[in-house]
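Here's a quick look at a predicted model, with an eye on helix packing and pockets. Have the viewer open as you read.

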Amino acid sequence: MHQITTIWKGDMLFSSNNPGGEILIDAGVENGGKGEGLRPKALMLSALAGCSGLDVASLIRKMKLEVDEFKIETFGELTEEHPQVYHTVRVEYHFSGTNLNEERLQRTVDLSVEKYCGVMQMFKQFAKIEIKVFFHKK
């Protein structure tokens, strides 16, 4: 069980705890906020990338793979009607290095997407998920 406490700080600003720290959540100026914190829906995409990224990083270490840089770009498409929800999410994994084992790196992504990442499994309940993997040789 996770328990998160979120406290209203006035206007549209909230402070929310997390076992690893505290974040600020705010609406953009166009929605009455001051843009002083993270946006809730975008946080969902960060959670997705973070969950899968932790899986992949752990597997990279366990498999002793050589990776110089690793980043995940996540794109969420919202429905037009309210409440707006993500209907399609694209997750792009980018690996850079001089000695990339593409087959094994692909396997780390597949394991995260199909087996380990709980946030990915949650997203699959309400959105179409597209996965892309890119290898950038240095």
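## Helix α1 and its cover

Buried here means under 20% relative accessible area with a 1.4 Å probe, protein chains only. In α1, the buried residues are L45, L48, A49, C51, S52, G53, D55, V56, L59, I60 and M63. Among the elements covering them are β4 (69-78), β5 (86-97), α2 (102-116) and α3 (118-123), with contact taken as heavy atoms within 4.5 Å.

Helices are DSSP runs of H or I with at least four residues, and strands are E runs of at least two, numbered from the N terminus. Helix α1 covers residues 40-63, and its end C-alpha atoms sit 35 Å apart, close to the expected 34 Å. That expectation is 1.5 Å times one less than the number of residues.

## Helix α2

The 15 residues of α2 should span 21 Å, and its end C-alpha atoms are 20 Å apart, so the two agree. Its buried set is L105, T108, V109, L111, S112 and V113. These pack against α1, β5, α3 and β6 (128-137).

## Who lines the pocket?

Of the 23 residues lining the largest pocket, I4, N18, L43, A47 and V119 are closest to its centre. Helix α1 gives the largest share of that lining, eight residues.

Residues count from 1 along each chain as its sequence is written, and side-chain values use heavy atoms, without hydrogens or water. In this predicted model, local features need pLDDT of at least 70 and side-chain atom pairs 80 or more, while totals for chains, interfaces and linings use all residues.

Definitions and conventions: Buried means under 20% relative accessible area, exposed over 50%, partly exposed in between (1.4 Å probe, protein chains only). On a 1 Å grid over the protein atoms alone, a cavity is a set of points where a 1.4 Å probe fits but cannot get out, and a pocket is an open set with protein on both sides within 12 Å along at least five of seven lines; lining residues have an atom within 4 Å of a point.
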